[in-house]
Amino acid sequence: RPAWVVGDVPDTVWVLMENAVATSDEDEMKALLAEAESQARSAVVGNEENVGRRFALAAVLGMRADREGARSKVKAAAALHDELAVVLTLDPEHAQAHYMMGRLHAGVRRMNGVTRWLATNLMGGATLKQASWEQAEYHLTLAEGRAPEVPDHHVQLARVYRDTGRPELALPELDHVLRMQVTSPMEQEARAEALQIQSEIYAAYSSH
């Protein structure tokens, strides 16, 4: 199991998600995520208080929000917010749920103005109106502190530092990732993103 898979996350769900990251075929990726969501929803039925299973569903919704088109993205993001609220009510210390809540806040802040307005006013994303960089940093810092073994916790915190004008705080987080041994497709993707962000920061420094 990769480091991000905790508790009672069903094996079928995380394997489908890792395979979705590994494929370069967009249609296959969407089909794998749709199947992962179906499996996750089935696993929740009758186990509504099971933190691991609720988190598994949130994880799939988060990946769909990241990787699908604008309308699907907003719909998935709104559903994700609600699911994460349930997980954090059941377990306020859940590192991966804090990570995903942080990514959600940052993702909404990164939407362009028109998309964010559509998302928060017309497309069922009213709960996303409260998204802020401060909340993104709060949740990601919590996740990074409680589960430092997950590469993407560091990468997403570094992205927030970079996007809020603090590249000097981003670089140590990226260095941490680049020293880690990564094996799963998600971990490899996090490492590649860390390298990309690092090179962008150094390029910006060298241009000044």
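How many residues does α8 have, and what distance does α8 reach from its first C-alpha to its last? In this predicted model, α8 has 13 residues and reaches 19 Å between those two atoms, close to the 18 Å expected at 1.5 Å a residue.

The chain as a whole contains ten helices and zero strands, and its elements follow the pattern α-α-α-α-α-α-α-α-α-α along the sequence. For 208 residues, a compact globule would have a radius of gyration near 17 Å, and the value of 17 Å for the chain agrees with this. Along the principal axes, the C-alpha atoms fill a box of roughly 55 × 40 × 35 Å. Of the 208 residues, 49% are buried. Among contacts with a separation of 6 or more, 60% join residues 24 or more positions apart. The accessible surface is about 10000 Å², and carbon and sulfur atoms account for 51% of that surface.

Helix α8 is largely enclosed by the rest of the structure, because eleven of its 13 residues are buried. The buried residues are P151, D152, H153, H154, V155, Q156, L157, A158, R159, V160 and Y161. The elements that cover them include α5 (95-110), α7, α9 and α10. Just after α8, G165 has a positive phi of about 80 degrees. Within α8, which spans residues 151-163, Q156 has a relative accessible area of 2% and is therefore buried, the cut-off being under 20%. Leaving aside residues up to four places away in sequence, Q156 is in contact with Y99, R103, L140 and E193.

M180 belongs to the loop between α9 (167-178) and α10 (185-207). With a relative accessible area of 17%, M180 is buried. Residues up to four places away in sequence being excluded, M180 touches P148, E149, V150, P151, H154 and R191; of these, P151 and H154 are among the buried residues of α8. M180 and A34 are 146 residues apart along the chain, and their C-alpha atoms are separated by 31 Å. G145, in contrast, is exposed, with a relative accessible area of 52%. G145 lies in helix α7, which covers residues 133-146.

Helix α2 is formed by residues 26-44. Its 19 residues reach 27 Å from the first C-alpha to the last, close to the 27 Å expected at 1.5 Å a residue. Buried positions in α2 are M29, L32, L33, A36, E37, A40, A43 and V44. These residues cover an arc of only 140 degrees around the axis, which means that they lie on the same side of α2. The partners against which they pack are α1 (11-22) and α3 (51-67). At the N-terminal end, α2 is capped by D25, with a side-chain oxygen 2.9 Å from the backbone nitrogen of D27. After α2 comes G46, with a positive phi near 85 degrees.

How values were computed:
Residues are numbered from 1 along each chain as its sequence is written. This is a predicted model: local features need pLDDT of at least 70, side-chain atom pairs count only at pLDDT 80 or more; totals for chains, interfaces and linings use all residues. Side-chain values use heavy atoms; hydrogens and water are left out. Helices (H or I, at least four residues) and strands (E, at least two) are DSSP runs, numbered from the N terminus. The expected span of a helix is 1.5 Å times one less than its number of residues. Buried means under 20% relative accessible area, exposed over 50%, partly exposed in between (1.4 Å probe, protein chains only). The arc is that of the directions from the helix axis to the C-beta atoms. Contact means heavy atoms within 4.5 Å. A polar contact is a pair of N or O atoms within 3.5 Å; within protein, one must be able to donate a hydrogen and the other to accept it, and residues adjacent in sequence count only if both atoms are side-chain atoms. The radius of gyration is taken over C-alpha atoms; the globule rule is 2.2 Å times the number of residues to the power 0.38. Accessible areas come from the Shrake-Rupley method with a 1.4 Å probe; for residues, only the protein chains shown count as cover.
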